[in-house]
Amino acid sequence: MDFDFGKYTEYMVLGYAAMALILALMIASMAVRFRVLRRQQEEIRRLEAEIAEERRRSS
Amino acid sequence: MTYSDSRTRLLRGLTIAAVVLFVIGLYLALFWVGPERQQGAAQRIFYVHLGSFLGSFIAFGAAVVAGIAYLRTRNPRWDTFGLANVEVGLGMAAITIVTGMTWARPIWNTWWTWDPRLTSVAIMWLAYAAYLMLRSGIEDPERRQRFAAVYGIIAFASVLFTIIIIRVRPDTIHPVVAGPTQADPTGSFEVAGRIRDTLFFNLFTFAVITVVLVWHRIRLENLIQHVMRRKLEVLSEL
Amino acid sequence: MSANPEPTTHAVSAAEGAIARPARRAGRRHRPLTPFWRAVGAVAWKDLRAEMRSRELINSMVLFTFMTVMVFSLALELDKEARQTTVAGVLWVTIVFAGLIGLGRSLAAEKDRGSLDALLLTPIDRSALFFGKMIGNLLFVLVIALVLLALLTVLFNVTLLKPLLIVVMVLGTVGFTTAGTLLSSMSVHARAREAMLPIILMPVVLPVLISAVRASVAILEGLPRDDWFPWIQLLVVADAIFLAAGYGLFDYVVEE
């Protein structure tokens, strides 16, 4: 890119990169937690179905 | 967890809007505005610096509202709201601090200096980090919510401190962009033209981003609690 | 019970004192309230009496103060000029650390003995209980501060007993102990309460601490009024905020 940002461009890039990193970390941490919880929800559903199955068979 | 369709659609729309605004804001700050004469490209940091500070200010302010509302109504939703705001506010304040440092390095020739303004923002960050520590240190949920509400209200004193300290002490080297100072008590706004337009656009953008992040964080917290309850249910069935 | 009961144990209960005194007029609510300031006095007085008998807190605080000052003077190896500029910092850091010991004990001891529940059962305003506790803590910290003033005057050879400095000292310790009393009543319920108190208290009182140190330095160096007066204003504002917060929020912290 031959756009001239002005002097101190390297610090500007550093600043924006730092901002992007922190925003990305915030979003990623939320996304990861969401995914883990969804998986646990699936697990719970499966377990509940198993328990119900067990009950039905034993009765 | 199930939410009403209209709300989910609103959240999705806001999320997309935040992304679009963010991209436009970046374009304005990086390309549309010309380089500043003295500070060059480093000045372009200022838009996100101020924007993220506004974001953290909104979030911490909302945490106070959440604290008061929780103490009045004892509805745990307010506690969730407060927690979400503090977490997002901490992230936003971290952006403010880090972008400030990268600006200060070329302009002040140092990453960090114990200027009143910088000191007070660092204190603010620590206060809200302490909020999360306090939460994690108390087991009884009802008590945790109550104490978090109280601490969320008290910690706002540190936000007020960042705002009033430069009115009390004019010896800060930190530039004051808006509002009254001792040098100019009537209050002024000293930037104009494209810089001002870009600044306002980015302020608005970061306000929207903060709201969106807080909203998603609330949903995350609801899901956490929902899964926790379900786990207990299943365990009790075994 | 007489109107002024002479208690037999260390754990003097304000409950006894407050109940024994007949409430002058029955409150509109279902429980008669002891007049506010008398209740404050009773709580503060019972803390002082308990302390005068056991002297466990004040002894450890004073000894801790001596040691901290020792550590500072050894670690900093100060010459005459350096002493002038650092003495205010040494003074306030020592007050804060010694104060943390006192604040940590004040409510923790109450909770461990089970007398906190008794205190909460007394028919007095919760905010009266708060101010009583706060005044008790304030007096301990002020005693430490006075000891420190004398100690640093002797050891650092800097005259600290100036009226203005004492004003700053009182304002600073009021802010510190008000926030400290409120937050220590929360931290006693936390899992690692000894570690929790400094973590949650420090960021809240740092503004007070900064203002107090800056004002003290300016006063000690004999700078003009403009250099220290804004800090004193800030101290007053901070004190007012913390007092209001303590008055309004303590109810919610101790409700059980």
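Among contacts (heavy atoms within 4.5 Å) in chain B between residues at least 6 apart in sequence, 75% join residues at least 24 apart. The model is predicted, so local features need pLDDT of at least 70 and side-chain atom pairs count only at pLDDT 80 or more, while totals for chains, interfaces and linings use all residues. Residues are numbered from 1 along each chain as its sequence is written, chains are lettered from A and ligands numbered from 1 in the order in which they are written, and side-chain values use heavy atoms, with hydrogens and water left out.

**Chain B as a whole**

- Chain B has six helices and two strands; these are DSSP runs numbered from the N terminus, with helices (H or I) of at least four residues and strands (E) of at least two.
- From the N terminus on, the order of these elements is α-α-α-α-α-β-β-α.
- Of the 238 residues of chain B, 52% count as buried, where buried means under 20% relative accessible area, exposed means over 50%, and partly exposed lies in between (1.4 Å probe, protein chains only).
- The accessible surface of chain B is about 10700 Å², and carbon and sulfur atoms account for 65% of it; such areas come from the Shrake-Rupley method with a 1.4 Å probe, and for residues only the protein chains shown count as cover.

- Arg217(B) lies in helix H6 of chain B and is buried, because its relative accessible area is 3%.
- Leaving aside neighbours within four places in sequence, Arg217(B) is in contact with residues that include Met30(A), Arg33(A) and Glu87(B).
- Leu235(B) also lies in helix H6 (residues 193–237) of chain B, but Leu235(B) counts as exposed because its relative accessibility is 56%.

**The interface of chain B and chain C**

- In this interface, 29 residues of chain B are in contact with 29 residues of chain C.
- The buried area is about 2700 Å², of which 73% comes from carbon and sulfur atoms; this is the accessible area (1.4 Å probe) that the two parts lose on being put together, summed over both.
- Three salt bridges are counted between chain B and chain C, each a side-chain nitrogen of Lys or Arg within 4 Å of a carboxyl oxygen of Asp or Glu.
- Arg146(B) forms a salt bridge with Glu255(C), with the closest N and O atoms 3.7 Å apart.
- Helix H4 (116–137) and helix H5 (141–168) of chain B each supply at least two residues of the side that touches chain C, and H5(B) gives the most, with 13 residues.
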